[in-house]
Amino acid sequence: MQKEILKTLEQIEAQHNVKILYACESGSRAWGFPSPDSDYDVRYLYSRPVEAYLKLFPERDVIEGPIDEVKDFVGWDLQKALKLLMKGNAPLIEWLHSPIVYRDNLWLSDNLIKLFNHNSNFSALYRGYFGLAMNNFKAYLTGETVKPKKYLYVLRSILACEWIKQKNSIPPVLFRELYEELLLPTAPIYSELEKLLKIKVEAKERSACAHFEIVDEFINEFFSESKGPLLSSKEPVNVDEYDKFFLECLRREN
């Protein structure tokens, strides 16, 4: 599969006249709990020739596709990625820490993380994960039955929030690392997570099950707690440093 993915990345470069700087796996495979029929969610960052950024009507800053039964490709222009990084975009930060990398660029990934750590704030990242948790909860966990993967999506975002609250750092991408560090094995939610993970990795993506009472209580308790400054504070971002970094990237890649 990796050869197919690398070949497709080359085709995208030729078709769209871009340079793919970094490409990785996202979603359940990166989080460590793929189902037997999980897609390959390939995400990448790309740059265009310098002239493309000087046009009166710039190119679209997202490339979507190709998509087939097992592979899904989506790319973001580096300029878009930097704007989202300033806002603490959780998916982007996870891409940069993905354990499955198809096209590496250590200078880029390392320096993007340093840029965020030195010039942004973790309240923004907290708000990003909180929004993911809330949106997935409302969309997928209010019916009579639930999909285990949707439970895990919400729980992962909640635990990422707890990680940021306790450690003021970027949460790990692998789900097991996240909950093993934060939860005691004796906690009721711990064993429920183990059950959900077992169902997720053994069942198909669309499999549904009854609600887990302990999990529902854990989620509801999180949403009912006061989040205080974590949700309300919006410290200014050092935009100049992001501008400098963008120009440096263009110099390196052109």
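A residue is called buried when its relative accessible area is under 20%, exposed when that area is over 50%, and partly exposed in between, as judged with a 1.4 Å probe on protein chains only. The structure examined here is a predicted model, in which local features need pLDDT of at least 70 and side-chain atom pairs count only at pLDDT 80 or more, while totals for chains, interfaces and linings use all residues. Residues are numbered from 1 along each chain as its sequence is written, and side-chain values use heavy atoms, with hydrogens and water left out.

W95 sits in helix α4 (residues 90-96); helices are DSSP runs of H or I with at least four residues, numbered from the N terminus. Contact is taken to mean heavy atoms within 4.5 Å. Not counting residues up to four places away in sequence, W95 touches Y22, C24, S26, R43, Y44, L45 and W76.

Helix α12 comes next. Helix α12 (residues 239-253) has 15 residues and reaches 21 Å from its first C-alpha to its last, close to the 21 Å expected at 1.5 Å a residue; the expected span is 1.5 Å times one less than the number of residues. Its buried residues are Y242, F245, F246, C249 and L250. Seen down the axis of α12, these buried residues fall within an arc of 135°, so they line one face of the helix; the arc is that of the directions from the helix axis to the C-beta atoms. An α-helix has 3.6 residues a turn, so residues three or four places apart point the same way. On the other side of α12, D240, K244 and R251 are exposed. The cover over the buried residues of α12 includes α3 (78-86) and α5 (106-119).

Helix α6 (residues 122-140) also agrees with expectation, because its 19 residues should span 27 Å and its end C-alpha atoms are 27 Å apart. Among the buried residues of α6 are F122, Y129 and N136. N136 has 18% relative accessibility and so counts as buried. Apart from neighbours within four places in sequence, N136 is in contact with L141, Y153 and V154.

Axes are lines fitted to C-alpha atoms, for helices over the stretch in contact, and angles run from 0 to 180 degrees between N-to-C directions. The axes of α6 and helix α10 (residues 213-224) come within 12 Å and cross at roughly 130°. The two helices are therefore oblique to each other; angles under 35 degrees count as roughly parallel, over 145 as roughly antiparallel, 65 to 115 as roughly perpendicular and the rest as oblique. The contact is made by Y126, F130, A133, M134 and F137 of α6 and I219, N220, F222 and F223 of α10.

For helix α7 (residues 148-167) and helix α9 (residues 188-202), the axes come within 9 Å and cross at roughly 135°, so α7 and α9 are oblique to each other. Residues making this contact include L155 and L159 of α7 and L193 and L196 of α9. L159 has a relative accessible area of 2% and is thus buried. Beyond its neighbours within four places in sequence, L159 is in contact with residues including F175, L193 and F218. L159 and F175 are 16 residues apart in sequence and 9.0 Å apart in space, C-alpha to C-alpha.
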